[in-house]
Amino acid sequence: MSAKSSASKRAPRSVRREEKVSGLKEKLLGSKKYRDVCPDTIERIWSECSAKYKKEKDVDKAAREALHGVTGAFMTEREYKRAMELAAAHEGEALLEMHASTRERLPIARMNETFDRIFAITGRPESVLDLACGLNPVYLAQRLPGAELLGVDISGQCVNVIRAFGGAQARLGDLLCAVPEESAQVALLFKVLPLLERQRAGAAADVLHRVQAEWIVASFPTRSLGGRNVGMEKHYSEWMEAHVPENRAIAARLTDENELFYVLKRK
């Protein structure tokens with residue numbers, strides 16, 4: 001018997017389990033399937049699953065199931081390739097069609113109207129922090145030439161497409177791990193607060209408190225995926241108005257066809 005195998009057998013069971021779990025996590029982090037997911041997201045999900053399950057195979061299975069849910073909203077390889085081509089060609093509207101959130105705000109004329117109403121309150125921002133941004137910075141790069149634009153998302157696909165399009169910076173980031181410390185004139189939190197709250201109670205309010213911006217524009221869906229109005233506007237209005245940070249005031253409440261917007265000003 002080799003010295004290595006002998007030492008391995010002598011190691012406490014807890015140590016052997018930790019080594020095995022660590023190996024499975026590293027395998028997951030290096031997986032081609034999840035190469036486009038923010039590493040912080042994988043680490044977070046793994047940690048959460050490790051706290052729930054004792055058996056390493058159960059941890060691995062639960063983490064993969066959770067990550068499958070995350071990547072379900074990502075583009076397919078074919079879509080991603082097409083998106084990169086559109087970005088290189090600077091085809092903004094066609095590119096926005098490739099992401100669910102921005103697609104719901106199209107056509108561009110409708111997006112312009114929505115942002116006209118927002119900017120009528122905040123003024124034309126010279127800096128924007130777009131959190132859980134999707135491909136929205138592609139629109140902002142066209143709408144606000146010369147402004148400092150930073151998009152943060154868990155999708156490496158979105159980050160790469162935004163960079164390829166140009167006009168905005170983008171980086172990976174998970175709001176459940178850390179809220180960016182950069183300050184900005186306007187911070188956008190479009191349809192992400194309900195997702196954060198579903199994953200961790202209190203997370204949405206925590207993000208609202210931590211964002212460093214003069215203005216925060218938070219939005220919520222008002223229709224189900226099937227397009228039905230099922231009381232979502234009332235529900236999210238009540239939640240938002242009960243969770244306005246102490247250092248913020250509601251400057252405006254706006255609605256469009258399927259989205260509710262709150263514009264919060266720093267006191």
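This is a predicted model: local features need pLDDT of at least 70, side-chain atom pairs count only at pLDDT 80 or more; totals for chains, interfaces and linings use all residues.
Setting aside the neighbours within four places in sequence, Leu95 is in contact with Ala83, Leu86, Ala87, Leu135, Val138, Val161 and Phe165. Leu95 belongs to the largest nonpolar core, which has 38 residues, and together with Phe115 it touches the most other members. Helix α10 supplies the largest share of this core, five residues. A second, separate core has 29 residues, among them Leu176, Ala204, Phe220 and Trp239.

Now follow α10 to a partner helix. Two packed helices are described by the angle between their axes and the distance between the axes. Helix α5 (residues 77–88) packs against helix α10 (residues 156–165) at an angle of about 20°, and their axes are 8 Å apart. Angles under 35 degrees count as roughly parallel, so that is the term for α5 and α10. Their crossing is right-handed. On the α5 side you will find Tyr80, Ala83, Met84 and Ala87, which meet Gln157, Asn160, Val161, Ala164 and Phe165 of α10. Sorted by class, this contact has seven nonpolar residues, two polar ones and no charged ones.

Finally, take a look at some loops. His90 sits in the loop between α5 and α6 (92–96), and its phi is near 60°, a positive value in a residue other than glycine. Lys191 also is not a glycine, yet has a positive phi of about 55°; you can find Lys191 in the loop between β4 (183–190) and α11 (193–199). Are these two residues buried or exposed, or partly so? His90 counts as partly exposed because its relative accessibility is 45%, while Lys191, at 12%, counts as buried.

Key
Residues are numbered from 1 along each chain as its sequence is written. Side-chain values use heavy atoms; hydrogens and water are left out. Axes are lines fitted to C-alpha atoms, for helices over the stretch in contact, and angles run from 0 to 180 degrees between N-to-C directions. Helices (H or I, at least four residues) and strands (E, at least two) are DSSP runs, numbered from the N terminus. Angles under 35 degrees count as roughly parallel, over 145 as roughly antiparallel, 65 to 115 as roughly perpendicular and the rest as oblique. A crossing is left-handed if the near helix is turned anticlockwise from the far one by less than a right angle, and right-handed if clockwise. Contact means heavy atoms within 4.5 Å. Ala, Val, Leu, Ile, Met, Phe, Trp, Tyr, Cys and Pro count as nonpolar, Asp, Glu, Lys and Arg as charged, and the others, Gly among them, as polar. A nonpolar core is a set of buried Ala, Val, Leu, Ile, Met, Phe, Trp, Tyr and Cys residues joined through side-chain atoms within 4.5 Å. Buried means under 20% relative accessible area, exposed over 50%, partly exposed in between (1.4 Å probe, protein chains only).
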